[in-house]
Amino acid sequence: MENIKITFKVDGIETSVVGEKDKTVLDSAIDNDIDAPYSCRGGACATCIGKIKNGKVELEQNYILTDSELEDGLILTCQAYPKSENIYIDIDDV
Ligand code: FES
């Protein structure tokens, strides 16, 4: 997994950035000046929720999302590490 592309949709605007496997998708967003919401960055507040519409991520911690929410594609971007090369995260659709 060399070329990780992460696209974020925030306030109707899509922006694609280069991701890293050892960096959360939220950190990739922040490092690229994307206005993604967050607060605790510890998997506890749910401010950073997004919906994954393409690709895969793995959550390091999750104290909030239920199994059915996870099945619906909801993720905590502050806990999500890329597990595929082409990831699309919709921050608006949550
Ligand atoms: S910023 Fe609080 S759960 Fe992600």
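Biologist: How many salt bridges does the structure hold?

Modeller: Keep in mind that this is a predicted model. Side chains of opposite charge can pair when their charged atoms come close. In this structure, the count of such salt bridges comes to eight.

Biologist: Let's take Asp90. Which residue does Asp90 form a salt bridge with?

Modeller: The closest N and O atoms of that pair are 4.0 Å apart, and the partner of Asp90 is Lys9. Asp90 sits in strand E7 and Lys9 in strand E1 (residues 4–10), so the bridge ties together parts that are 81 residues apart in sequence. The partner asked for is Lys9.

Biologist: Is Asp90 buried or exposed?

Modeller: The cut-off for buried is under 20% relative accessible area. Asp90 has 4% relative accessibility, so Asp90 counts as buried. For Asp90 itself, the word is buried.

Biologist: Now Lys23. What is the distance between the closest N and O atoms in its salt bridge with Asp31?

Modeller: Lys23 also forms a salt bridge with Glu20, where the closest N and O atoms are 3.6 Å apart. Glu20 is partly exposed at 44%, and Asp31 is partly exposed at 49%. For Lys23 and Asp31, the closest N and O atoms are apart by 2.6 Å.

Biologist: On to the sheet. What is the order of its five strands?

Modeller: It's an open sheet with mixed pairing, running E2-E1-E7-E3-E5. Strand E2 (13–19) and strand E5 (74–76) each have a single partner strand, so one side of each is left without a neighbour in the sheet. From one strand to the next, the twist averages 35°. So, reading across, the order is E2-E1-E7-E3-E5.

Biologist: Which residue in E7 does Asn54 stand opposite?

Modeller: Strands of a sheet pair through backbone hydrogen bonds, either parallel or antiparallel. Strand E3 (residues 49–54) and strand E7 (residues 86–90) take the antiparallel sense, over three bridges. Opposite Asn54 you'll find Tyr88.

Biologist: One more, Gln79. Which residue's backbone nitrogen does the side chain of Gln79 reach?

Modeller: Gln79 is found in the loop between E5 and strand E6 (80–82), and with a relative accessible area of 3% it is buried. Leaving aside neighbours within four places in sequence, Gln79 is in contact with several residues, including Arg41, Glu58 and Leu59. The side chain of Gln79 reaches, at 3.2 Å, the backbone nitrogen of Gln61.

How values were computed
Residues numbered from 1 in each chain as written. Predicted model: local features only at pLDDT ≥ 70, side-chain atom pairs only at ≥ 80, totals over all residues. Heavy atoms only, no water. Pairing = 2+ DSSP bridges. Helix = DSSP H or I, 4+ residues; strand = E, 2+ residues; numbered from the N terminus. Axes fitted to C-alpha atoms, helices over the stretch in contact; angles between N-to-C directions. Buried < 20%, exposed > 50% of the residue type's maximum accessible area, 1.4 Å probe, protein only. Polar contact = N/O pair within 3.5 Å; in protein donor to acceptor, adjacent residues only side chain to side chain. Contact = heavy atoms within 4.5 Å. Salt bridge = Lys/Arg side-chain N within 4 Å of Asp/Glu carboxyl O.
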